[in-house]
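My entries follow in the order in which I made them.

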Amino acid sequence: MRIDIISIFPEFFGVLDISLLGKARERGIIDLGVHNLRDFTHDRHRTVDDTPYGGGAGMVMKPEPWGEAFDQVLQDESSVVIFPSPAGERFTQATARELALEPHLVFGCGRYEGIDQRVIAHTATRARVREVSLGDYVLNGGEVAVMAMIEAIGRLVPGVVGNPESLTEESHEDGLLEYPSYTKPAVWRDLEVPPVLLSGNHGAIAAWRHEQQLERTRRVRPDLLQP
Ligand SMILES: Nc1ccccc1-c1cnco1
């Protein structure tokens with residue numbers, strides 16, 4: 001998989017050189033390119049935004065630099081371009097699973113006031129475009145959202161996580177929240193590990209864990225149980 005990121009804060013993504021994703025890049029499983037949108041401007045001030053037509057507060061990102069950035073990054077029609085946006089479809093584990101199967105993802109990091117809408121429209125003529133929201137809250141830009149999405153997607157790319165088994169028993173993988181986990185010592189500050197987990201009875205343990213998933217989901221995220 002190749003991932004390209006276009007942002008006015010490319011230094012934001014230095015952290016992708018370490019941890020799981022860093023290793024995946026070293027092993028050639030994921031190839032990452034980070035591009036500074038200002039490198040696609042031609043004025044002395046490297047201007048990327050301007051006042052909104054129709055008035056209103058804040059600034060809107062100009063279309064020209066984005067058009068030139070995508071000219072460079074989009075090689076063919078196989079890419080998916082993801083624009084993080086508070087007005088986007090909700091990013092879920094299902095979204096992450098879908099995108100983990102794609103050969104080329106391009107993330108366009110806009111600022112809150114947004115990117116000139118013609119950029120989204122024009123990009124859709126030469127790639128699949130998805131505007132995606134992490135949740136109903138306001139960020140100053142798309143960079144933090146892209147970091148979270150790349151982590152959620154990257155760990156699902158075959159070969160990135162050592163033990164694929166560990167990907168199956170997680171929150172949201174089966175539509176339920178995950179069961180509580182415990183490790184040694186068996187008693188800590190007078191708090192005991194649930195005895196069933198020490199019983200060695202794998203059937204009883206599996207049943208207890210599923211019941212814990214249902215109870216936790218009912219309590220914390222009843223919306224996940226709606227048909
Ligand atoms: N608020 C934002 C501003 C700019 C780019 C993305 C977002 C966003 C994404 N998910 C929630 O918010």
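**Entry 1: ground rules**

I am working with a predicted model, in which local features need pLDDT of at least 70 and side-chain atom pairs count only at pLDDT 80 or more, while totals for chains, interfaces and linings use all residues. Residues are numbered from 1 along each chain as its sequence is written, and side-chain values use heavy atoms, with hydrogens and water left out.

**Entry 2: the ligand**

I asked which residues come nearest to the ligand. Of the 13 residues around the ligand, these are Leu134, Gly135, Tyr137, Leu139 and Gly142. A residue is near a molecule if one of its heavy atoms lies within 4 Å of it.

I then looked up polar contacts, meaning pairs of N or O atoms within 3.5 Å; within protein, one atom must be able to donate a hydrogen and the other to accept it, and residues adjacent in sequence count only if both atoms are side-chain atoms. A nitrogen atom of the ligand lies 2.9 Å from a backbone N or O atom of Leu134. For Tyr137, a polar backbone atom is 3.3 Å from an oxygen atom of the ligand. Leu139 has a backbone N or O atom 2.9 Å from a nitrogen atom of the ligand. On its own the ligand has 300 Å² of accessible area, and the protein covers 99% of this. Such areas come from the Shrake-Rupley method with a 1.4 Å probe; for residues, only the protein chains shown count as cover.

By class, I found seven nonpolar, six polar and no charged residues in the shell around the ligand. Here Ala, Val, Leu, Ile, Met, Phe, Trp, Tyr, Cys and Pro count as nonpolar, Asp, Glu, Lys and Arg as charged, and the others, Gly among them, as polar. Strand β5 (residues 80–90) gives the most to this shell, with three residues. Helices (H or I, at least four residues) and strands (E, at least two) are DSSP runs, numbered from the N terminus.

**Entry 3: helix α2**

Which residues of helix α2 are buried? In this helix (residues 63–73) I noted Pro65, Trp66, Ala69, Phe70 and Val73. Buried means under 20% relative accessible area, exposed over 50%, and partly exposed in between (1.4 Å probe, protein chains only).

Contact means heavy atoms within 4.5 Å.

Leu74 is found in the loop between α2 and β5. At 9% relative accessibility, Leu74 counts as buried. Leaving aside neighbours within four places in sequence, Leu74 is in contact with Ser79, Val81, Val106, Thr123, Arg126 and Ala127. I looked at Thr123 again: Leu74 and Thr123 are 49 residues apart in sequence, and their C-alpha atoms are 9.2 Å apart in space.

**Entry 4: β5 and β7**

Glu89 is found in strand β5, and Arg130 lies in strand β7 (residues 128–133). Glu89 is partly exposed at 34% relative accessibility, whereas Arg130 is buried at 19%. Not counting residues up to four places away in sequence, Glu89 touches Thr95, Arg130, Glu131, Val132 and Ser133. On the same terms, the residues that Arg130 touches include Val80, Val81, Ile82, Phe83 and Glu89.

**Entry 5: backbone**

Most residues other than glycine have a negative phi, and most peptide bonds are trans. I looked for departures. The peptide bond from Lys184 to Pro185 is cis, with omega near 5°. Pro185 lies in the loop between α5 (143–154) and β8 (187–188).

Arg46 is not a glycine but has a positive phi of about 55°. Arg46 lies in the loop between β2 and β3 (49–50), and is partly exposed at 33% relative accessible area. Asp190 has a positive phi of about 70°. Asp190 is in the loop between β8 and β9 (191–192), and counts as exposed at 74% relative accessibility.
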